[in-house]
Amino acid sequence: MQIPDIKKQLTIMSVLAHYGIKPDKNDHIKCPFHEDDKPSCKIYTETNTYNCFGCGKTGDVIQFIQDKENCDKHTALKKAAELAGENTEVMGISSGKASVKEAENFAELFKMQKEGLPRSPKAQEYLRNRCLEQLQEVGYNSGVNWKKLKQCITFPLKDKNGNIVSLYGRRITESGGHGYFGDTAPPFRSY
Ligand SMILES: [Zn+2]
């Protein structure tokens with residue numbers, strides 16, 4: 001996979017989700033690169049970049065991985081390529097022109113998925129294994145009510161008004177347990 005392809009396929013949101021980081025409604029996160037007691041790192045979803053007003057770290061998805069993993073650019077690229085090829089999908093509106101109706105549908109879907117989470121021991125185990133069970137905004141889509149993102153842990157992605165404009169899904173493997181989906185050895189630090 002070429003760098004432009006990686007960048008096209010890998011959004012900053014999915015990189016953040018990979019590391020268990022969830023931006024607040026103003027698209028800020030607590031900066032992972034310095035001791036940050038209030039969210040001072042801004043995420044730019046249009047350009048898939050970040051900029052920390054505390055420590056000055058800034059860059060794209062590949063730079064983020066490089067900073068986060070503390071690795072060289074080559075390793076970061078390899079990880080980005082694998083992340084981009086991972087079994088994840090983002091459903092929703094990418095143009096940013098979400099109609100109210102569609103946004104409502106996502107909200108409705110996510111509500112059901114949130115309610116579905118306690119009914120899936122497998123999904124709960126998946127979250128527990130990654131220390132993500134504290135996340136408030138997480139759901140599980142069994143595929144009964146929604147055919148897309150089937151058997152996925154789902155995270156809502158919101159616009160700046162707080163409307164859910166898309167859902168990010170992370171598929172749970174049949175085997176469950178630890179490690180990654182996909183059949184290659186996991187090169188990533190699991191969260
Ligand atoms: Zn910082």
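This is a predicted model: local features need pLDDT of at least 70, side-chain atom pairs count only at pLDDT 80 or more; totals for chains, interfaces and linings use all residues.
Which strand gives the most to the lining of the second largest pocket?

Residues are numbered from 1 along each chain as its sequence is written, and side-chain values use heavy atoms, with hydrogens and water left out.

**The chain**

You can find 6 helices and 8 strands in the chain. Here helices (H or I, at least four residues) and strands (E, at least two) are DSSP runs, numbered from the N terminus. Of the 191 residues, 43% count as buried, a word that means under 20% relative accessible area, with exposed being over 50% and partly exposed in between (1.4 Å probe, protein chains only).

**The zinc site**

Cys31 (SG), His34 (ND1), Cys52 (SG) and Cys55 (SG) coordinate the zinc ion at 2.0 to 2.3 Å. Donors are N, O and S atoms within 2.8 Å of the metal (3.2 Å for Na, K and Ca); water is not among the atoms, so sites may look incomplete. The 4 donor atoms subtend angles of 100 to 118 degrees around the zinc ion, so the arrangement is tetrahedral; four donors count as tetrahedral if all angles lie between 85 and 135 degrees. Cysteine 31 sits in the loop between strand 1 (28-29) and strand 2 (41-44), and cysteine 52 in strand 3 (residues 49-52), so the pair ties together parts that are 21 residues apart in sequence.

| Residue | Relative accessibility | Class |
|---|---|---|
| Cysteine 31 | 5% | buried |
| Cysteine 52 | 3% | buried |
| Lysine 148 | 46% | partly exposed |

Lysine 148 belongs to the loop between strand 6 (139-141) and strand 7.

**The second largest pocket**

Back to the opening question: strand 7 gives the most to this lining, with 4 residues. Of the 19 lining residues, Met13, Lys22, Pro23, Pro156 and Leu157 are the closest to the centre of the pocket. A pocket is an open set of points on a 1 Å grid over the protein atoms alone, where a 1.4 Å probe fits, with protein on both sides within 12 Å along at least five of seven lines; lining residues have an atom within 4 Å of a point. Domain 1 (3-84) and domain 2 (88-171) both give residues to the lining, so the pocket lies between them. Those domain bounds come from an automatic or database domain assignment.

How values were computed:
Four donors count as tetrahedral if all angles lie between 85 and 135 degrees; four count as square planar and six as octahedral if opposite donors are over 155 degrees apart and all others between 65 and 115; anything else is irregular.
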